[in-house]
Amino acid sequence: MLPRGRPRALGAAALLLLLLLIGFFLFGGDLEYERPRGAAALDGDPPADRGGHNLSDCVPPRPLPPKCELLHVAIVCAGHNSSRDLNTLVKSVLFYRKNPLHFHLVTDAVARNILEMLFHTWMVPAVGVSFYDLEELKPQVSWIPNKHYSGLYGLMKLVLPGALPPDLARVIVLDTDVTFASDIAELWALFAHFSDKQVIGLVENQSDWYLGNLWRNHRPWPALGRGFNTGVILLRLDRLRQAGWGQMWKLTATRELLTLPATSLADQDIFNAVIKEHPGLVQPLPCVWNVQLSDHTLAERCYSEASDLKVIHWNSPKKLRVKNKHVEYFRNLYLTFLEYDGNLLRRELFACPSPPPPGTEQLQRALAQLDEEDACFEFRQQQLTVHRVHISFLPHEPLPPRPHDITLVAQLSMDRLQMLEALCRHWPGPMSLALYLTDAEAQQFLRFVEASAVLSARQDVAYHVVYREGPLYPVNELRNVALAQALTPYVFLSDIDFLPAYSLYDYLRASIEQLKLNSERKVALVVPAFETLHYRFSFPSSKAELLALLDSGSLYTFRYHEWPRGHAPTDYARWREAQTPYRVQWAADYEPYVVVPRDCPRYDPRFVGFGWNKVAHIVELDAQEYELLVLPEAFTIHLPHAPSLDISRFRSSPAYRDCLQALKDEFHQDLSRHYGAAALKYLTALQQPPGPA
């Protein structure tokens, strides 16, 4: 497909095709034509001249590899942003693929942490992943000065033949800023066109960079003609090892650095210098396998004549903001996969039996046992749903750990994004937030943060995207994701629609120190909760101001009108006068907001939607003999908002409430199995009508 707004290009292509057909019939197939600039010759074609032209017969369709052949793909990925780019790249590959795949990911610690979780929870059939430590490979390239924005990581592809398993013979190497528009097996099939001596497959560079005429005194590294771009590479690893690749590129780089100050295009400069010296190593690939959208691109010479494009490469530092008259066409192609629901890519390759992802068989057996006629079927199904999880979705630079430090833990969906700026103003400490979003909503969230001076300035807030799937809100799974990613010794378990007192962060840290809390003592510090029914009100700066608002009717104790049992054990009357922390006892339906050690019990994920999700967690804390201490100067205030869909269903549907009661009964059965007779005290509470949260 051609870009819109190219009727002349379309006409030229049609005319060229017509002329070729006429020539074929008139001359018996002996017609020769000039290959569009940048299109590469294959085996049997005359070699391309240095202007990027050659003469050849039409290239026949290339056979694909066997349908179940395992294809290997290597990618270098470092940091938070590259991990997001890799996610989009992988979605584009999975969308078209028909073969089993194995990704070899060379990563730093940040990217590995993110991508291990992403692939583990994605559970895509016939996809394997291996990780390789960038830190171990750095010494091999750290001696090379590099001016490219990719830094040291942009040189890592040079060491892949030594870093990847020695029995791996072939691999496709990709930059994270490419997008596939075709089956990657077609690219793999081009290995068949390598001669016995060729070891590297590359597309010609689609700019004049290596010709050295872009600006005055421009002095690029040596290259063969226009040189080659290394965003897409086919590597014959076995032959590279036999040829002594490691020694070869190092000798070339050392020699060139005697007269050049640094690489400008990272590994690409060194690959090209080696190819200049050993031109027989390279197999030129058709231009459509690396359509380069750089600042000075000549890619139009390729895509204006091509019948279809295979890979788009955003190789400008400006990425999607690069200036190109057809950029909207290419951007829309990229956005297709950026916002595509990755859950839909969990597709079986039915003709290619392969070991299922870990946990898949057990999950499938559990799903098979569900009864679709069960009134609580969607509750059961939601509990078994494995959500894709992208932790640290945005750059996150935690501050050095401080004694008694506390992370605020909360979860939210798209309709609560407006709370984030206010929360950042109220809580200056670290936060770990789980967001329940679709792939498209995740991009809206990204733009929301980038447009906010308040949010973009905070590097100690970790956002973890849990991708939406299923009809019910997995509130406790979200909390567990955020809780698991907290890095401080203590966590404040809050909700997104609460604003803590401005002084709460410092006060909590001081309280932990004064109470001499440590990991040996099981204590949950209770932060009394209040609420306002006003969308605009003056937030109290102290306990005295809060009490004045309480007395005037501007504030209430939380859920006083709807669910007083939820917070009554906090004993607000005592709190008014308290000067020191005081202990309270657990009671039925108690659901306070608490500060606990990071290794506290996790939330019970069976509670989805609305109802009893926090209550069950406090029951678990009490069962594990956590002491409940109310802090006399702490408070947090709930702000009004429209009710969620799950709250509406809870209030309107008796069947919904019946299912919640069934979950409570199962919860108590598990408590009894785990704690024995000690769980009897909770039986009365569990027989109460279901409460809000």
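The buried residues of helix α23 (buried meaning under 20% relative accessible area, with a 1.4 Å probe and protein chains only) are Tyr-656, Cys-659, Leu-660, Gln-661, Leu-663, Lys-664, Phe-667, His-668 and Leu-671. An α-helix has 3.6 residues a turn, so residues three or four places apart point the same way. The 22 residues of α23 (654-675) should span 32 Å at 1.5 Å a residue, which agrees with the 31 Å between its end C-alpha atoms; the expected span is 1.5 Å times one less than the number of residues. Gly-676 follows α23 and has a positive phi, near 65°. Helices (H or I, at least four residues) and strands (E, at least two) are DSSP runs, numbered from the N terminus.

The model is predicted, with local features requiring pLDDT of at least 70 and side-chain atom pairs counted only at pLDDT 80 or more, whereas totals for chains, interfaces and linings use all residues. Residues are numbered from 1 along each chain as its sequence is written, and side-chain values use heavy atoms, leaving out hydrogens and water.

An open sheet of mixed pairing is formed by seven strands in the order β5-β4-β3-β6-β9-β8-β10, where two strands pair if DSSP finds at least two bridges between them. Because β5 (127-133) and β10 (282-285) each have a single partner strand, one side of each of these edge strands is left without a neighbour in the sheet. From one strand to the next, the twist averages 25°, with axes fitted as lines to C-alpha atoms (for helices over the stretch in contact) and angles running from 0 to 180 degrees between N-to-C directions.

Strands β3 (residues 71-77) and β4 (residues 101-107) run parallel and are joined by seven bridges; His-72 has His-102 in β4 as its bridge partner. Helix α2 (residues 79-96) packs on the sheet, touching β3, β4, β5 and β6 (170-174), and its direction makes about 160° with that of β3; contact means heavy atoms within 4.5 Å. Helix α3 (residues 109-122) lies across β3, β4 and β5, at about 155° to β4.

Key:
Buried < 20%, exposed > 50% of the residue type's maximum accessible area, 1.4 Å probe, protein only.
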